[in-house]
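Reader: Could you walk me through this one, starting with what you mean by a contact?

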Amino acid sequence: MATGIVVVFDFDHTIIDCDSDDWIFDHFGVTKLFNELLLTMSWNSCVDWMMKEIQTQGRTIQEIAECLKRVPLHTHIITAIKSAHALGCDLRIVSDANVFFIETILKHYGLLEYFSEINTNPSFIDEQGRLRILPFTSFPHGCTVSCPTNMCKGKIIERIRASSFGEGKKQLVYIGDGKGDFCPSLKLREGDYVMPRKNYPVWELICSNSLLIKAEIHEWRDGDELEHKLLRLLNTFIITDEAQNSMTMNPLPPICSTHQLLPQALPVPPY
């Protein structure tokens with residue numbers, strides 16, 4: 001079993017094959033307004049403003065949820081999540097999306113129960129009954145790598161390592177696509193694995209700064225390749241771990257010195 005591994009997934013363009021915010025804004029026809037607001041607002045603040053705008057136009061939370069249920073999710077991603085969980089991995093999400101979007105999509109696909117923790121921007125219903133989005137953190141996190149102002153994924157990974165490794169976990173696998181996934185990739189250590197999506201921002205950053213990465217790098221292109229490479233890594237870990245445990249439980253017998261094993265040579269009589 002791979003009970004010693006924590007697998008951390010990003011969400012947008014990793015678990016799902018699109019950006020969940022863009023999916024909603026495209027569906028409700030407000031993408032142009034969203035892009036205009038991005039010129040003067042942070043992404044997280046802009047998403048909150050747009051959610052208010054959509055609902056002010058008469059759209060309901062239920063309509064938003066129904067739209068999210070149509071988000072595409074590759075069948076091999078579903079298999080990868082279920083297989084990793086069945087092997088004993090601790091699965092977690094670290095995402096700059098939000099709780100409502102992520103939980104709605106995962107529930108629809110029957111995957112929410114497979115994750116022990118979701119680290120993302122919180123959502124709530126305000127006094128007017130509107131869905132609202134808050135930042136993961138509202139105070140400066142101090143990171144200067146590639147993180148947005150509302151979330152440093154690297155600090156989240158450090159917390160996950162500190163808490164889970166105290167419970168006996170041994171290795172981290174981090175899977176992501178965006179530039180915000182570069183900081184947590186830098187926090188990984190030797191023996192860990194980082195799985196950047198090829199031709200996406202984090203892959204380009206890792207390729208340009210490969211000497212800064214201590215973890216093994218395993219790129220992937222789509223759900224099929226992600227499933228194949230992730231399960232291969234997990235099976236390799238299981239085989240190695242079982243071999244080490246076997247050596248610990250059944251150590252080899254001590255090797256005797258040669259003179260104890262061989263008979264003494266007989267003297268040759270003179271001619």
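Author: Contact here means heavy atoms within 4.5 Å. This is a predicted model, in which local features need pLDDT of at least 70 and side-chain atom pairs count only at pLDDT 80 or more, while totals for chains, interfaces and linings use all residues. Residues are numbered from 1 along each chain as its sequence is written, and side-chain values use heavy atoms, with hydrogens and water left out.

Reader: Which residues does UniProt place under "binding site"?

Author: The unreviewed UniProt entry gives Asp10, Asp12 and Asp177; such positions follow the numbering used here, feature names are shortened, and annotations may be inferred rather than shown by experiment.

Reader: How far apart do they get in space?

Author: The largest C-alpha distance among them is 8.2 Å, although they are spread over 168 residues of sequence.

Reader: What about Asp12, buried or exposed?

Author: Asp12 is buried, with a relative accessible area of 10%, and leaving out residues up to four places away in sequence, Asp12 touches Cys18, Asp19, Ser20, Ala97 and Asp177.

Reader: Switching topic, what is the C-alpha separation of Ile118 and Asp10?

Author: Their C-alpha atoms are separated by 9.9 Å, and the two residues are 108 residues apart along the chain. Ile118 counts as partly exposed because its relative accessibility is 26%.

Notes: Buried < 20%, exposed > 50% of the residue type's maximum accessible area, 1.4 Å probe, protein only.
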